[in-house]
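Student: I've got a model open and want to talk through how it's put together. Can we go one question at a time?

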There are 2 protein chains.
Amino acid sequence: MAERTIYTIGRQFGSGGRQVGKALAERLGIPYYDKELLAMAAKDSGFSESLFHDADEKPASSLLYSLVMGNYPMSSGTLGFNEMPLNDQLFLIQSNTIRKVASKGSCVIIGRCADYVLRDDPDVISIFIHAPIAARVKRAVESYGIEKERAEDVCLKNDKSRANFYNYYSDHKWGMCRTYSISLDSALIGIEGCVDEIVRFTELRNAHKDEAGTI
Amino acid sequence: MAERTIYTIGRQFGSGGRQVGKALAERLGIPYYDKELLAMAAKDSGFSESLFHDADEKPASSLLYSLVMGNYPMSSGTLGFNEMPLNDQLFLIQSNTIRKVASKGSCVIIGRCADYVLRDDPDVISIFIHAPIAARVKRAVESYGIEKERAEDVCLKNDKSRANFYNYYSDHKWGMCRTYSISLDSALIGIEGCVDEIVRFTELRNAHKDEAGTI
């Protein structure tokens, strides 16, 4: 497991994907990036951290909103950085932060289109964690303290928001098998089970790479 | 591995999903059903085997076609078996055959909405195998003897047909992570690598089930 591997984790809300990422980083002794990325992106750019929190995993404001707010150019041609909608600017800054942390060596990155940002990096293993809605509601209530009556709605709305964000900034599709190296139902094998499967997947991939000479 | 487990495998064309199924069945010493299901369904029903081959993993003919062919009832109300479009009749017969083989014990079943047909069976592990298009074209040319110029088109058209079939007869979605227990990119870990991951997944699921008392 000495080879550099970047693990990117997409996840349904309440599936425990974040916990899988944390447990994976701990087991392998490598850095873990989730909300940490926001503070780093803020530091890199000079924008305030709260701006990154507000925009986190949300797509750019609608064109209409941008027009009303006056931050969309009416002329044709390629947009300069300062002419882009704010969320697009924040996304580009965050993507640079993702590339920077990934260049330092093995790590785990949660969400934020990291698999797409790093799509040309051969050392990426991209993962998607999901679970049936009943299991996700249970986790949302028990672990995140969300009211039982609202929990299903919160799960579904967060998924929709993450899918919109991912599909807006990438040309892959959120939650489709072909977007990821491996996807797992966490309700069937638990958090540590997911970590086991991902570690085994890494060993198999390294062996397969050596066998084939190249991927 | 003494517990009954039914493995259903969905797959992109050219991903090696069928080979994964065969290798899995061999490693576990359990039956493997692919085209075999068609002969069994024919025998069960009295319809000819060639009819099942023609309809294999294709959705029912369009309503227009059915009207022209005169096999769609113009009256309202629930359809009797003999009033259904032929492909729907064949699908129901094939589903009964799938339930019959699954009731006999552990096995591997390729495609044909088996995961959906058996959706209430707690012993099902549903798998999706996929790979990047370049790897699938390579397999289509080298293993299936398809002309290089046509191979990509054949892969994409077969995927579309399988997706249509699956989405028509189920209320799940073909190729979405949440439809399956586990999905794997076969190009990254190879056929035997996929088998390793699935066997490990089974062990983890059995341990998790024992731990939780129930899934």
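Student: What rotation superposes chain B on chain A?

Tutor: Keep in mind that this is a predicted model. Two copies of a chain are related by a rotation about an axis and a shift along it. Here the shift along the axis is 0.0 Å and the RMSD is 0.0 Å, with a rotation of 180 degrees. The two copies are thus related as by a two-fold rotation axis.

Student: Which residue of chain B comes closest to that rotation axis?

Tutor: Go by the C-alpha positions in chain B. The closest approach to the axis is 2.2 Å, and the residue is B:Met176.

Student: What percentage of the interface residues of chain B are also interface residues in chain A?

Tutor: The copies meet through the same surface.

Student: On to the rings. How are B:Phe13 and B:Tyr144 arranged?

Tutor: They belong to a set of 15 aromatic pairs over all chains. The ring centres of B:Phe13 and B:Tyr144 are 5.6 Å apart and the planes sit at 70 degrees. Planes over 60 degrees apart count as edge-to-face, so this pair is edge-to-face.

Student: How many residues apart are B:Phe13 and B:Tyr144?

Tutor: B:Phe13 is in the loop between β1 and α1 of chain B, while B:Tyr144 is in the loop between α7 and α8. The pair links distant parts of the chain, and the separation is 131 residues.

Student: Which residue lies over the face of A:Tyr116?

Tutor: Look 4.0 Å from the ring centre of A:Tyr116, and you'll find A:Arg119. In chain B, the residue over the face of B:Tyr116, also at 4.0 Å from the ring centre, is B:Arg119.

Student: Last one: which residue stands opposite A:Ile110?

Tutor: A:Ile110 is in strand β3 of chain A, where A:Val108 and A:Ile110 are buried on one side and A:Cys107 and A:Ile109 on the other. Four bridges join β1 to β3 in chain A, and these strands run parallel. Opposite A:Ile110 stands A:Ile9.

Terms used. Residues numbered from 1 in each chain as written. Chains lettered and ligands numbered in written order. Predicted model: local features only at pLDDT ≥ 70, side-chain atom pairs only at ≥ 80, totals over all residues. Heavy atoms only, no water. Phe/Tyr/Trp six-rings, centres within 6.5 Å; stacked < 30°, edge-to-face > 60°. Helix = DSSP H or I, 4+ residues; strand = E, 2+ residues; numbered from the N terminus. Lys NZ or Arg CZ within 6 Å of the ring centre and 35° of its normal. Least-squares fit on C-alpha atoms with pLDDT ≥ 70 in both. Contact = heavy atoms within 4.5 Å. Buried < 20%, exposed > 50% of the residue type's maximum accessible area, 1.4 Å probe, protein only. Pairing = 2+ DSSP bridges.
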